[in-house]
Amino acid sequence: MTNRTAVITGASAGIGEATARALAASGFHVVLGARRLDRLEQLAADLSGIAHFLDVTDPASVAEFAQRIPECHVLVNNAGGARGLERVADADEGHWRWMWEVNVLGTLRMTKALLPKLIESGDGHVITVTSIAAHDVYDGGSGYTSAKHAQSALHRTLRSELLGDPVRITEIMPGLVETDFSANRFDGDTERAAAVYQGLTPLTAQDVAEVINFAATRPSHVNLDTIVMKPRDQYSGSRAHRV
Ligand code: NAP
């Protein structure tokens, strides 16, 4: 597995950071992208990797990032998140725009930019972190669930379009994972964020990273198409057992 390069977006925290650690431990040369360069640089130093500023919502930033990467075997489209929990009647267009930009268009831009290098590698792999929100809907979640549905549709289309090219396509659909995700969703309200994970044991970023690493380290003829992973006590985006 050595001499292979893995690019991870949103590697400054949460699932992306844990994925960078897991892939580096498997021998990948890791290239980290996100906006908080100070955090990225520290992580890159720990992992003997490389950090570059990346804002997936800005086409110029994506182009500059891609241009600095000489080769790419694995692309982990992880940058993303949610904003707000408004019902459709009260939908906030600013929140919607942010969620569609980062999750959907961000994934589109990164994939388009790195696809030539993934194909050129002779053994490429696109791994996209969507969510169970890519197949569930829940009250107040329409901005996020619609963006994750669209991100998933984009990702699954690639599975068919790239048949015959040496590129694997894996979608990771996690349920509740305890990261900064909810604090970011609720604009820094940590009390509201903590309530999301109360009464059950959520997944950790490392749980998800181990699965991403597993998918990335299968032999190159093995394509894990879709992996759904949830805490034992979660059934769906709106139903969980809590004590
Ligand atoms: P997180 O801790 O909030 O991390 C989000 C990451 O995305 C950060 O590294 C952030 O870095 C990066 N990011 C945000 N906007 C960006 C932009 N414009 N350009 C580049 N990077 C950007 O959340 P997480 O839980 O690890 O989320 C990672 C992915 O998992 C997301 O796609 C999320 O939708 C998905 N997911 C999360 C859960 C969950 O329960 N936590 C469940 C299912 C799916 P900077 O701020 O430094 O740019």
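1. **Overall size.** The chain has 243 residues, and a compact globule of that length would have a radius of gyration near 18 Å; the chain has 17 Å, which agrees. The radius is taken over C-alpha atoms, and the globule rule is 2.2 Å times the number of residues to the power 0.38. Along the principal axes, the C-alpha atoms fill a box of roughly 45 × 35 × 35 Å.

2. **What kind of model this is.** The model is predicted: local features need pLDDT of at least 70, side-chain atom pairs count only at pLDDT 80 or more, and totals for chains, interfaces and linings use all residues. Residues are numbered from 1 along each chain as its sequence is written, and side-chain values use heavy atoms, with hydrogens and water left out.

3. **Make-up of the chain.** The secondary structure comes to eight helices and seven strands. Both are DSSP runs, numbered from the N terminus: helices are H or I with at least four residues, strands are E with at least two. Of the 243 residues, 51% count as buried. Buried means under 20% relative accessible area, exposed means over 50%, and partly exposed lies in between (1.4 Å probe, protein chains only).

4. Take contacts between residues at least 6 apart in sequence: 67% of them join residues at least 24 apart. A contact means heavy atoms within 4.5 Å. The accessible surface is about 11,400 Å², and 50% of it belongs to carbon and sulfur atoms. These areas come from the Shrake-Rupley method with a 1.4 Å probe; for residues, only the protein chains shown count as cover. There are 23 positive and 29 negative side chains, and the centres of the two sets lie 3 Å apart. Lys and Arg count as positive, Asp and Glu as negative; His and the chain ends are not counted. Each charge is placed at NZ of Lys, CZ of Arg, CG of Asp or CD of Glu.

5. **Helix H1.** H1 covers residues 14-25, twelve in number. Its end C-alpha atoms are 17 Å apart, close to the 16 Å expected at 1.5 Å a residue. The expected span is 1.5 Å times one less than the number of residues. Its buried residues are Ile15, Gly16, Ala18, Thr19, Ala20, Ala22, Leu23 and Ala24. Their cover includes strands E1 (5-9), E2 (29-34) and E4 (74-77), and helices H2 (37-47) and H8 (205-216). Just after H1, Gly27 takes a positive phi of about 105 degrees.

6. **Helix H5.** H5 runs over residues 142-161 and has 20 residues. From first C-alpha to last it reaches 28 Å, close to the 28 Å expected. Among its buried residues are Ser142, Gly143, Tyr144, His155 and Leu158. What covers the buried set includes helix H4 (93-120), strand E5 (124-129), strand E6 (167-174) and helix H6 (181-185).

7. Is Ile172 buried or exposed? At 0% relative accessibility, Ile172 counts as buried. Ile172 is found in strand E6. Val208 is 36 residues from Ile172 along the chain, yet their C-alpha atoms are separated by 8.3 Å. Ile227 sits in strand E7 (residues 226-229). At 17% relative accessibility, Ile227 is also buried. Beyond neighbours within four places, Ile227 is in contact with Thr170, Glu171, Ile172, Met173, Val211 and Ala215. Asp189 is 38 residues from Ile227 along the chain, and their C-alpha atoms are separated by 30 Å.

8. **Two positive phi values to check.** Most residues other than glycine have a negative phi. Ser48 has a positive phi of about 50 degrees although it is not a glycine. Ser48 lies in the loop between H2 and strand E3 (50-53). Ser48 is exposed, with a relative accessible area of 62%. For Asp187, phi is near 55 degrees, also positive. Asp187 is in the loop between H6 and helix H7 (190-196). Asp187 is exposed too, at 74% relative accessible area.

9. **Glu64.** Glu64 belongs to helix H3 (residues 59-67). At 47% relative accessibility, Glu64 counts as partly exposed. Glu64 and Ala22 are 42 residues apart in sequence and 26 Å apart in space, C-alpha to C-alpha.
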